[in-house]
Amino acid sequence: MLRIEDIYKSFGEFMAVDGAELTVGKGELVAVIGPNGAGKTTLFNLISGQLKPDRGKVIFMDEDITNLPPYQICKKGIARSFQIVNIFHRLTVFENVQVAVLSQQRRSNRFFHPAQNIAVEETNRILENVGLLDNAWHIAGSLSHGDRRILEIAIALGNDPMLLVLDEPTAGMSPEETSATMSLVKRLADERGLTLLFCEHDMDVVFSIAQSIMVMHQGRTLIQGKPEDVRRNEEVVQAYLGGE
Amino acid sequence: MSLNMVVGHGGMFQFHHCAFYGVGAYAFALIVTKTSLPAWVGFVAGPIIAAVVGLLIGWFCVRLSRLYFGMLQISLGSLLYVIVFRWYAFTGGDDGIYGIPMPSIISSSKSSYYFILIIVAICLVVMYLIFKSPFGTTLQAIRDNPERCEAVGVNVRRHQLFGIVIATFFAGIAGVLFVVLENFVHPDLLFWVFSLEVFIMCLLGGWFTFAGPMLGAVITVGLRTFVGVYTEYWTLILGIILILLIFFLPEGVVGYFLEKFGSQAHGAGERGSK
């Protein structure tokens with residue numbers, strides 16, 4: 001479904017992504033792991049178009065999407081969440097998700113129809129799904145950190161994506177919150193038949209839910225394979241897992 | 001009001017909104033005085049020409065971010081001012097154009113007052129509808145977080161450009177109404193100091209709210225009328241109020257009250273929806 005071929009991105013002298021490869025099959029749950037600064041976030045930004053690669057290709061559904069702007073990539077069916085909470089702080093929780101739903105239904109440019117009557121059902125269904133319905137009329141900026149992270153995911157769901165890219169969905173969460181959030185993500189992926197690409201620091205979580213794991217180190221792909229293969233790989237153990 | 005749509009809701013620094021106000025006024029005045037077309041053509045053409053100029057200027061400006069957007073707009077707007085100011089043969093230069101004849105139905109001060117009142121009321125309703133529409137919601141989302149908006153599939157630049165065109169259209173209407181009221185135009189309508197004054201109105205009233213700028217305008221004009229009687233330095237008082245405002249009510253007057261009483265209102269909204 002998604003294939004990244006030999007991709008490069010540098011910031012000045014620093015090679016953030018230095019020849020990474022990644023394959024995501026339809027319906028798979030794929031995790032990207034690696035130490036801080038390995039280039040995971042940069043890789044995700046290259047996929048969703050926030051950054052343009054220096055070299056290499058991003059292929060989605062047999063289509064080259066490498067240099068498309070983010071809003072077009074989103075329309076192709078890739079939605080993402082951000083590592084640093086990236087929501088609409090002054091809008092209500094409901095409106096946060098609604099903006100994405102409206103955009104998905106190509107109704108953002110309607111002028112005279114009151115917005116509160118449009119896309120209500122879909123928006124409420126998503127909020128119910130993630131458990132934020134009771135907070136629907138709160139201003140997003142007033143939510144707790146954990147709820148903002150959930151809202152982050154809910155906004156991405158508003159685009160009704162085929163591929164959901166989650167950049168550290170549990171950043172800053174306690175271990176309990178982390179496992180609760182990841183089981184929510186897993187449930188959503190199952191229910192909606194989503195393909196999921198995510199990165200995560202909690203190795204127990206990664207090895208328990210991912211079907212395929214890609215290990216990044218200094219911008220390069222060390223290996224991508226099944227969890228048991230990755231666990232046995234010596235290079236990985238040395239570079240990353242062994243350090244803990 | 002229309003400025004607030006761009007600044008408060010679109011998050012764009014439209015520093016030179018009055019350029020479009022002036023363009024609307026001039027377009028109307030020139031059509032009435034220089035052509036034999038009936039005045040209502042001017043009524044329609046004023047806002048449209050303002051919106052077209054807004055489209056042209058906006059087309060360049062949305063390519064830049066935030067402050068640069070404002071800078072470029074000031075320069076392009078000032079260019080318009082200079083053109084109007086210097087082009088004596090066409091615009092009357094710094095003399096302006098005086099004694100613009102009005103159709104007889106709205107030529108008396110009473111009938112022109114009601115005419116303006118009706119048009120303003122219609123404009124407010126239309127703007128409120130747009131504010132509450134999917135377009136308006138998305139525009140507010142862009143203000144909060146343009147990056148995320150792109151990530152959910154919104155063409156941010158195109159959306160901002162639409163916002164500018166609509167806002168400049170309403171500014172053009174305001175310009176036409178000014179001519180209806182005063183029967184003259186002057187290059188000062190396009191001068192950036194006037195833009196600043198409107199900007200301050202938005203700040204005063206609360207630029208994230210719909211009604212804020214109206215209250216801001218009332219405060220500003222009220223100050224000028226009542227304090228201006230005693231001293232020509234009424235802007236000093238305005239300045240002090242503005243400084244206090246930035247320290248104590250950064251959301252503006254209406255924004256402050258909304259925040260204070262907002263929690264109840266939201267609670268009521270929640271109950272109402274269930």
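Predicted model: local features only at pLDDT ≥ 70, side-chain atom pairs only at ≥ 80, totals over all residues.
Biologist: Does Ile213(A) count as buried or exposed, and why?

Modeller: The idea is to count C-beta atoms around a residue, with 20 or more within 10 Å making it buried. Ile213(A) has 24 C-beta neighbours inside 10 Å, and therefore counts as buried.

Biologist: Which residues does Ile213(A) touch, leaving aside those up to four places away in sequence?

Modeller: Ile213(A) touches Ala31(A), Ile33(A), Val206(A), Gln224(A), Gly225(A), Pro227(A) and Val230(A). As for Arg80(A), which lies 133 residues from Ile213(A) along the chain, the two C-alpha atoms are separated by 18 Å.

Biologist: Turning to helices, how should I read the length and the faces of helix H6 of chain A, residues 175-192?

Modeller: Length first: at 1.5 Å a residue, the 18 residues of H6(A) should span 26 Å, and the end C-alpha atoms are 26 Å apart, which agrees. For the faces, the general idea is that an α-helix has 3.6 residues a turn, so residues three or four places apart point the same way. In this helix the buried residues are Thr178(A), Thr181(A), Met182(A) and Val185(A). Seen down the axis of H6(A), these buried residues fall within an arc of 95°, so they line one face of the helix. On the other side of H6(A), the residues Glu176(A), Arg187(A), Asp190(A) and Glu191(A) are exposed.

Biologist: What covers the buried residues of H6(A)?

Modeller: The cover includes helix H5 (145-158), strand S7 (163-167), strand S8 (195-199) and helix H7 (203-209), which belong to chain A. Just after H6(A), Gly193(A) takes a positive phi of about 60°.

Biologist: In which sense do strands S1 and S2 of chain A pair, and over how many bridges?

Modeller: Strand S1 (residues 2-11) and strand S2 (residues 14-24) pair in the antiparallel sense, over eight bridges, with Phe11(A) standing opposite Phe14(A) in S2(A). Two residues lie between the strands of this hairpin, where Gly12(A) takes a positive phi near 65°.

Biologist: Finally, how should I read the contact between the chains?

Modeller: In general, the size of an interface is often given as the accessible area lost when the parts come together. Here we count residues instead: 26 residues of chain B are in contact with 34 residues of chain A. On the side of chain B that touches chain A, H7(B) gives the most, with eight residues. By class, that side of chain B has nine nonpolar, eleven polar and six charged residues.

Notes: Residues numbered from 1 in each chain as written. Chains lettered and ligands numbered in written order. Pairing = 2+ DSSP bridges. Helix = DSSP H or I, 4+ residues; strand = E, 2+ residues; numbered from the N terminus. Expected span 1.5 Å × (residues − 1). Buried ≥ 20, exposed ≤ 12 C-beta atoms within 10 Å, placed from the backbone. Arc of directions from axis to C-beta. Contact = placed C-beta atoms within 7 Å. Nonpolar A, V, L, I, M, F, W, Y, C, P; charged D, E, K, R; others polar.
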